[in-house]
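Dear colleague,

I am passing on the structure below, together with some notes on what came out of going through it. Please read the notes with the model open beside you.

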Amino acid sequence: MNLILLGAPGAGKGTQAEQISEREGIPAISTGQILRNAMRSGSELGLTAKQYVESGALVPDDIVIGIIREYLESDECRHGFVLDGFPRTIAQAEALKRLGIKIDAVLTIEVPDEKIVGRMSGRRFCECGASYHTDYLPPKVEGICDRCGKELYIRDDDKPETVLSRLETYHRQTEPLIGYYRGEGLLITVEGQERVEDTTELVRQALMNGTENKQ
Ligand code: AP5
């Protein structure tokens, strides 16, 4: 299955991408996580990305398109993938189309803006890509990743003022992709629920029903 996840910052894309990845045995590719790892390593890519990510803006299309092309053409993605955070602009969607890789479905998780800021304040992250929430999805040991045992951290771009800027960027630059993929007949919509496991179940059913739910 070749799947794209859409949704506002904090809608739960990363959380669901991880679960789909485990269930289906396909890699979850998060452009946000790739950029954060680059920022933490201090690489050239990281230094370039930092100024955009920390202000809530998007990293230029050519940079992320280059990153994603490398992943999608690698052996790891031979049997499918979940894209979390790409594409984020119409130009990125067009570039993906030009790669000639068939997309099976585009799943958008809808969560109202009012709920997003609260979710972000409790979010904790790990370098390995796992994400937690102090209330909704706590790790077994506080501050430590269940999966790899590393220390969890708070993202610099989860400050309330940056979250508002990211939401504005989402509505202006990424939301148009909903209409774009509806036009392609690939869109599946799921309403994000209060509890992670309820959203997971809706996502599982929506993907199982597949084409019937596509709009
Ligand atoms: P990215 O990492 O993709 O951030 P985002 O899209 O803003 O999404 P988030 O990771 O913040 O949220 P999410 O939807 O994954 O939610 P999560 O599952 O964590 O990108 C970061 C930055 O990188 C961008 O701002 C941009 O600068 C740059 N970038 C990335 N891709 C790019 C691209 N293609 N082009 C250009 N620039 C790019 O959930 C949020 C929290 O809520 C968690 O704590 C989770 O545990 C909790 N939670 C999840 N589901 C539920 C639920 N149902 N109920 C309660 N809590 C829940």
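**Helix H7 and its surroundings**

In this predicted model, helix H7 runs over residues 160-174 and so has 15 residues, and the distance from its first C-alpha to its last is 20 Å, close to the 21 Å expected at 1.5 Å a residue. Its buried residues are Thr162, Val163, Arg166, Leu167, Thr169, Tyr170 and Thr174. These residues lie on the same side of H7, because the arc they cover around the axis is only 165°. On the face turned away from that buried side, H7 carries the exposed residues Glu161 and Leu164.

What do the buried residues of H7 pack against? Their partners are strand S1 (2-7), helix H3 (44-53), helix H6 (113-121), strand S5 (123-125) and helix H8 (176-183).

As background, an α-helix has 3.6 residues a turn, so residues three or four places apart point the same way. Both partners count as partly exposed, glutamate 168 at 43% relative accessibility and arginine 172 at 49%.

**Other salt bridges**

Over the whole structure, the search finds 16 salt bridges. One of them joins glutamate 184 to lysine 97, with the closest N and O atoms 3.0 Å apart. Since glutamate 184 belongs to the loop between H8 and strand S7 (187-191), while lysine 97 belongs to helix H5 (residues 90-98), this pair ties together parts that are 87 residues apart in sequence. Glutamate 184 is partly exposed at 37% relative accessibility, and lysine 97 is likewise partly exposed, at 44%.

A further pair, glutamate 201 and arginine 204, meets at 2.8 Å from N to O; these residues are three apart in helix H9 (residues 196-209), and are therefore separated by about one helical turn. Glutamate 201 is partly exposed with a relative accessible area of 31%, and arginine 204 is partly exposed at 30%.

Salt bridges also link Arg123, Arg155, Asp157, Asp158 and Arg166 in a network; Arg166 is listed as well among the buried residues of H7.

**The second largest pocket**

The second largest pocket holds about 290 Å³ of space. Which residues line the second largest pocket? The lining consists of Gly14, Thr15, Glu18, Gln19, Glu22, Gly129, Ala130, Ser131, Tyr132, Leu137, Asp146 and Arg147. Helix H1 (13-24) and strand S6 (131-133) each supply at least two residues of this lining, and the largest share, five residues, comes from H1.

**Alanine 49**

Is alanine 49 buried or exposed? With a relative accessible area of 1%, alanine 49 is buried, the cut-off for that term being under 20%. If its neighbours within four places in sequence are left aside, alanine 49 is in contact with Leu35, Met39 and Val59. Tyrosine 181, by contrast, lies 132 residues from alanine 49 in sequence and 27 Å from it in space, C-alpha to C-alpha.

With best regards

How values were computed
Residues are numbered from 1 along each chain as its sequence is written. This is a predicted model: local features need pLDDT of at least 70, side-chain atom pairs count only at pLDDT 80 or more; totals for chains, interfaces and linings use all residues. Side-chain values use heavy atoms; hydrogens and water are left out. Helices (H or I, at least four residues) and strands (E, at least two) are DSSP runs, numbered from the N terminus. The expected span of a helix is 1.5 Å times one less than its number of residues. Buried means under 20% relative accessible area, exposed over 50%, partly exposed in between (1.4 Å probe, protein chains only). The arc is that of the directions from the helix axis to the C-beta atoms. Contact means heavy atoms within 4.5 Å. A salt bridge is a side-chain nitrogen of Lys or Arg within 4 Å of a carboxyl oxygen of Asp or Glu. On a 1 Å grid over the protein atoms alone, a cavity is a set of points where a 1.4 Å probe fits but cannot get out, and a pocket is an open set with protein on both sides within 12 Å along at least five of seven lines; lining residues have an atom within 4 Å of a point. Grid points are joined across faces, edges and corners, and a volume is the space filled by probe spheres set on the points.
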